[in-house]
2 protein chains.
Amino acid sequence: MKQTKIKGVLVPVITPFRQDLSPDGKRFAAHCRWLLDQGASGLAIFGTTSEANSLSVDERIALFDELLAAGIPPARLMPGTGCCAFTDSVRLSRHVVASGCAGVLMLPPFYYKGVSEEGVFRSFAETIERVGDPRLSIYLYHIPQMSQVPIPISLIERLLSAYPVAIAGIKDSSGDPANLRALLDAFAGSDFDVFPGSELLLLEGLRHGGAGCITATGNVNPGAIAKLYDNWRSADADAMQAGLDAVRKAIQAFPVIPAVKATLARCTGDDAWSRVRPPLVELAAGQKAQLAAELQALAFTMPGIASLA
Amino acid sequence: MKQTKIKGVLVPVITPFRQDLSPDGKRFAAHCRWLLDQGASGLAIFGTTSEANSLSVDERIALFDELLAAGIPPARLMPGTGCCAFTDSVRLSRHVVASGCAGVLMLPPFYYKGVSEEGVFRSFAETIERVGDPRLSIYLYHIPQMSQVPIPISLIERLLSAYPVAIAGIKDSSGDPANLRALLDAFAGSDFDVFPGSELLLLEGLRHGGAGCITATGNVNPGAIAKLYDNWRSADADAMQAGLDAVRKAIQAFPVIPAVKATLARCTGDDAWSRVRPPLVELAAGQKAQLAAELQALAFTMPGIASLA
């Protein structure tokens, strides 16, 4: 049993860009520090919300190194390292594992569609063998609406059987409560951790053995989400969940990544946060105003965020 | 009007791997040479069939350089250079354009799904601006079953209007005769070249202004496909097309990339050609035998291929 496994609320940190769309390590580190200060357990940098696949491997490694140089503790990091080419996944994973990260969040290769379970198994196996580091702790990334390559329970069982030390858990971003429940039931009582990919399923998950959540909107609402994680057995847990749901739904009524970035831009007064790399597109002015109005109607705030600007 | 635009039969060349799954530049160059000897007009290296997205950008650049060092003329090459990160697309495109390639075949970024046409436009625009080379000649790659990000006619028109020199044509791998026809009609009489992504639509395409085809099975049947391209106005064109169709259908009854590789392995007697990188999986022994029997029943041969072993 690993004593140090990370649990709680993890944030797939949005990636700030300068005017020339180069990654901005300074703003990135400042935001990471604020997230930890607000109660986030960990930082799942280089996830879908981070636009990681819109960055080259070199850019990801440089940004990671800047974060560590800025003093962000690697034990609080769970970087995304799953690429289409296992040579890329190996290179990224080796780098972050050698630095002492809590774990890695690993997409399956996502270019080919309709691939066999055997092929996906081999992708993970090849990566694990080549990383060749006993500290490697993999959280599988199930996000079929993006990857189009699911991580079914049968695959997890096969991976756990072959690599019991390396396979640590899963992020279930399907948004499907039935899939979350099936995962929680299948691995109940084991050391395999299940994180729903949204705070909408945080309480439901915790009540059935979930390990927390890894959620895009944690970028702007980390304190309230962490509070529910810390107090999920309290009498007002359902009310807290309802409060989280209202904020989440206001944000995800828009394209989520630009909406999260626009919210951070507004609350910091630093419009640079709005920038996205293509193929994403920032929210239009009218959308930004509408989102702001809806969040203000919910009395949504980001405590201490102005200091980030 | 560009006088030197490449037309005819282009082959998305399969990538050979050594036992440790590293790309094998020697076998790659030998196969490229054989394809040109057989009548292929060009080599669309680093395509879907090439497992290019299973290679890192560094691996692709190294393999490209090996090919040029082996004497393959860059004017016959149309490398795939479209990646999820525009920084990768720019780096790869710059490298191959500076070497004098005939063009590049460019996927849209394919991780995010449901992205806007504006976002895809910006991806291509950012890449074109940053490559900044007037020799850049882009063939858009429409393969929605893999990329999940289509290239509609409205996007092509916008790109052509903004970048009339850089946008050269399209590979339509949808396999949909109606989409092919719509493209051919939309750009009839213009300098924008339309290549179907399979020889199944070669004759149909040529009869309506098509530029040839770019096809996976060209790896094993290039001579017969080139012969139809060269003689499509002849009386026996339909019979030639029927012959091509029979071979194609025998191969695509199996997963196409492993089936093409298995066929080359069998005909060269060099089983190394069977290897694929995960998430693909090589054909099982029974599948290989069945495919071989079906091709033998069609009297399929690969002239001069034994010399490649």
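How many salt bridges are there between chain B and chain A? The count is two, taking a salt bridge as a side-chain nitrogen of Lys or Arg within 4 Å of a carboxyl oxygen of Asp or Glu. One pairs the side chains of A:Glu282 and B:Arg122, at 3.1 Å from N to O.

A word on the ground rules. This is a predicted model, where local features need pLDDT of at least 70 and side-chain atom pairs count only at pLDDT 80 or more, while totals for chains, interfaces and linings use all residues. Residues are numbered from 1 along each chain as its sequence is written, chains are lettered from A and ligands numbered from 1 in the order in which they are written, and side-chain values use heavy atoms, with hydrogens and water left out.

Back to the interface. Chain B puts 43 residues into the contact and chain A 42, with contact meaning heavy atoms within 4.5 Å. About 3,500 Å² is buried between the two chains, 61% of it from carbon and sulfur atoms; buried area here is the accessible area (1.4 Å probe) that two parts lose on being put together, summed over both. On the chain B side, B:Tyr111, B:Tyr112 and B:Pro279 lose the most area to chain A, together 24% of what that side buries.

Polar contacts turn up too: 16 residue pairs across the interface, both residues at pLDDT 80 or more. Such a contact is a pair of N or O atoms within 3.5 Å; within protein, one must be able to donate a hydrogen and the other to accept it, and residues adjacent in sequence count only if both atoms are side-chain atoms. Helix 3 (86–98), helix 4 (117–131) and helix 5 (144–147) of chain B each supply at least two residues of the side that touches chain A. Helix 4 of chain B gives the most, with seven residues. Helices (H or I, at least four residues) and strands (E, at least two) are DSSP runs, numbered from the N terminus.

Then there are the sheets. In chain A, three strands form an open, parallel sheet in the order 2-1-7, where two strands pair if DSSP finds at least two bridges between them. Strand 2 (42–43) and strand 7 (212–214) of chain A stand at the edges with a single partner strand each, so one side of each lacks a neighbour in the sheet. Strand 1 (residues 8–11) of chain A pairs with strand 7 of chain A over three bridges, and A:Val9 stands opposite A:Cys213.

In chain B, three bridges join strand 1 to strand 7, running parallel, with B:Gly8 opposite B:Gly212.
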